[in-house]
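This report is meant for a reader who is meeting the structure for the first time.

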Amino acid sequence: MLVTWKYRIRDTFIQRLDPRTRLIYMLCIIFAITLPDIWDYRIILPLFLISLTLYFLARIEWKDVKRAWLFIGVFVFFIVGLNGVLSGRGGPDSVTNIPSPVLFILPLKIPFTEIGWDIPLTIAKLWFSMVQITRMLTMAILAFPIPYTMDPNIYGTAFKRMGSSDKISFTMDLAFRFLPTLARDFSITMDAQRARGYEMDKLRGGIAARLRRLAPLIIPVVMQSTVTGEEVIDAMDLRAFGTTPRTWLKELHYQPRDYMMLAFGVSILIGCCVLKWGLGIGEFFVPDFFTILFVK
Amino acid sequence: MSNFPLVVDNLSFRYRTRPELAIENISFELKQGELLLIAGSSGCGKTTLARCINGLIPRSYRGERSGSVLLHGKEVAEMQIPEMAQIVGTLLQDPERQIVASNVYNEIAFGPENLGLPRDEIVERVELAMKRLKIEYLRDRETFNLSGGEKQKVALAGLLSMNPSILLLDEPLASLDPASAHEALEVFRSLADEGKTVILVEHRVEDAIETHPDRLLYMEGGRIKYLGTIENLPSEIDHTQVKLPAQWVVKRVKEQKKPVETPHQHKVDEGGEPLVVFEDVSFRYSEESPLILQNVNLKINRGDLIAVLGPNGAGKSTLVKHAIGLLKPTSGRVFIQGEDTRKMSVAQIAKVLGYVFQSPTHMLYAQTVREELEFGPKNLGFEIEPMNKSVAESLSTVNLNGFEEYPPLGLSFGQQKRTTIAAVLAMQSKIMIMDEPTAGQDFANYTRFMDALCSASIDSQSILSANFASTLFITHDLDLAVTYANRVLLFGDKHIVADGKPEDVLKDTDLLLKYRVRPTSLLRLNLDLLARTKRFLPAESLAAFSF
């Protein structure tokens with residue numbers, strides 16, 4: 001049986017929005033940043049502040065989300081951020097092509113070998129890393145509150161009313177609930193294996209050996225997910241899902257606030273496209289005030 | 001159109017992957033408003049028959065089918081799914097497997113939505129189904145937060161909203177506490193009285209007869225062995241294969257005049273230090289959440305074979321998770337052999353206390369049974385020699401010799417369950433804890449399984465007493481407590497409400513009912529004969545004491 005996220009009704013502006021509005025607005029922002037490939041902090045920063053405002057308007061309690069934030073923090077700061085600082089890749093070519101003062105050289109070496117590289121850490125890479133983190137967070141903090149603030153009963157309806165087929169809409173409904181179900185199964189399996197003396201913090205050996213030692217957790221969870229999937233299919237078959245066009249009982253209606261929000265999102269998307277493709281604004285560059293911080 | 005909603009005529013079926021017929025020459029018909037009980041042990045063909053009736057055979061399960069299944073005169077194999085789903089509503093064994101939506105209202109509306117009905121009609125049907133089962137108060141609840149009984153009512157309402165004329169109920173009592181099972185049976189009877197044709201597939205005949213079935217169809221080896229009224233059930237129906245009322249078992253044993261051995265009792269070593277001590281234990285999952293345990297005090301002694309009874313969701317599993325250290329008390333302390341669990345890791349506690357989880361699929365992962373059994377001992381740092389010895393002995397103990405190289409996930413459910421017990425046996429812990437050890441098994445299988453684990457003869461100990469200083473199991477099945485335990489804990493209202501010998505705790509039937517434990521015929525007969533037996537006995541053994 002599939003479980004749902006920790007959704008709770010809160011009387012907030014965000015929850016009063018139609019779910020379609022939230023999904024479409026999020027897509028507008030994602031496309032506004034990625035389609036015209038915006039790297040200019042003067043555009044990214046305001047968008048980030050708008051996303052942050054919307055996040056706070058959702059009024060999600062810290063205790064509910066602190067684990068998820070930890071995961072996002074590790075991913076964005078350590079993986080994306082570190083990659084940006086070290087390699088400067090994953091963005092425009094200008095990060096590595098434009099001349100930029102080197103802050104210091106980081107000698108990296110493969111342990112027990114003579115193979116290694118001297119990585120120059122430039123001001124451009126450092127700035128790029130910060131912009132990259134901000135870009136990612138701008139998009140992530142729009143998607144992040146959805147499971148906590150969107151009624152799980154209208155996931156499917158929202159996609160259906162956005163034009164998806166019955167099957168795609170219900171698949172999205174099930175997919176939204178798959179992750180918390182996976183987490184529940186993982187927690188039960190973890191308990192069952194710990195009761196057999198298994199200790200995750202005692203994983204030793206190389207990567208292959210460590211992965212093998214994770215099998216007692218991964219295999220039961222995968223098996224359980226497969227079983228759950230088959231059960232859901234049987235249950236849906238026995239109740240005639242997918243044989244005729246279905247009626248979606250829940251109705252959604254746009255309110256003036258939804259039109260305003262949608263207009264705002266679409267304006268941002270169009271604005272970013274015009275700035276980049278029409279006016280040539282939005283390319284990556286390192287602002288002088290940042291360079292001055294390091295070079296006198 | 002036929003006068004019979006269901007006609008099964010000379011039906012046989014063989015699964016594509018099996019050489020033998022699963023069912024053979026099955027013929028019967030059902031009238032409108034009739035309640036048919038289908039009984040038989042695992043593998044008798046009752047599930048295959050159910051699949052032929054609800055159309056999963058031939059659609060989802062391939063094989064050779066002969067004969068016919070007619071729903072209102074129309075062959076099942078020729079019907080479209082939406083048409084069939086409106087005639088036969090199938091309630092699966094575990095309601096969790098049936099529920100797809102995240103809230104109750106959506107779940108009940110799911111079927112009518114799939115039929116593409118107009119909104120007004122869907123709303124009307126949902127309201128009617130909720131009213132019929134008196135679950136209007138659940139309408140906005142999340143489905144995964146419901147109790148077992150509530151889930152089943154919601155799943156049933158989901159079927160009723162499709163307005164089927166036949167209800168096929170496949171072992172619907174399996175995951176319910178006794179009081180919820182009783183309520184469900186009352187609903188099934190009333191649905192038949194209202195004109196629905198009800199097919200109840202159930203191996204617990206004792207419970208199912210509460211519905212006053214019009215007829216019983218008893219299957220054995222894929223064939224009908226008996227079809228008729230339940231009052232005339234012939235004595236050849238094997239009481240070890242299906243659960244019959246205790247008085248019926250006694251009558252059969254007397255008629256058969258077979259010698260019946262009286263099981264020997266486990267002895268409690270009251271003098272020794274307790275193995276596990278709960279000292280004023282209270283627990284809540286977070287600061288905002290309500291207390292699950294409140295001031296629990298408990299001592300587990302050597303020789304204890306404890307059955308923990310109580311309603312669904314009362315906190316029984318939470319209680320035992322404290323013993324293994326998976327949960328730590330919010331206040332109070334738990335001691336394992338004198339040591340505070342707060343100062344011990346779960347792995348350290350596992351050396352003393354083995355815990356078998358309810359579902360084998362949450363435990364089993366290895367490529368072979370041997371590898372599965374070596375997992376625990378390896379984690380606990382066993383040397384190779386003692387580990388091999390322990391694994392071999394454990395396999396032999398649960399009668400899985402010869403399965404060493406089999407993949408555990410490819411075994412039958414009963415064998416998987418035994419593998420999980422062997423996996424804990426191999427760790428050589430002193431205490432065994434089992435969460436619903438008989439869940440998902442039919443009567444014949446679980447009786448054999450529990451007999452093998454718990455029964456001791458005069459010259460040999462039981463598996464449990466030979467391998468563990470004490471055992472504790474959580475169960476919904478009161479008869480397991482009556483038959484196998486030497487101590488019963490009744491858990492409810494966040495604490496232990498009764499603790500003592502089965503004869504002392506279970507005689508207070510009012511207290512049992514208060515905590516949703518319904519006295520069974522075996523308990524009542526034992527209480528009637530207690531003056532002569534001096535202790536609780538299985539139904540067969542009572543034959544020697546009854547008049």
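How much area do chain A and chain B bury between them, and what part of it is on carbon and sulfur atoms? In this predicted model, the two chains bury about 4900 Å² between them, with 58% of that area on carbon and sulfur atoms.

## The contact between the chains

Chain A brings 49 residues to the contact, while chain B brings 60 residues. Between chain A and chain B there are 20 residue pairs in polar contact, counted where both residues have pLDDT 80 or more. On the side of chain A that touches chain B, at least two residues come from each of the helices α9 (166-194) and α10 (207-238) of chain A, and the largest share, 14 residues, is supplied by α10(A).

## A sheet in chain B

Chain B contains an open sheet of four strands, arranged in the order β2-β1-β4-β5 with antiparallel pairing. Its edges are formed by β2 (23-30) and β5 (74-75) of chain B, each of which pairs on one side only.

Within this sheet, strand β1 (residues 6-15) of chain B runs antiparallel to strand β4 (residues 63-71) of chain B, and eight bridges join them. As an example of such pairing, B:Val7 has B:Leu70 in β4(B) as its bridge partner.

Key: Residues are numbered from 1 along each chain as its sequence is written. Chains are lettered from A and ligands numbered from 1 in the order in which they are written. This is a predicted model: local features need pLDDT of at least 70, side-chain atom pairs count only at pLDDT 80 or more; totals for chains, interfaces and linings use all residues. Side-chain values use heavy atoms; hydrogens and water are left out. Contact means heavy atoms within 4.5 Å. Buried area is the accessible area (1.4 Å probe) that two parts lose on being put together, summed over both. A polar contact is a pair of N or O atoms within 3.5 Å; within protein, one must be able to donate a hydrogen and the other to accept it, and residues adjacent in sequence count only if both atoms are side-chain atoms. Two strands pair if DSSP finds at least two bridges between them.
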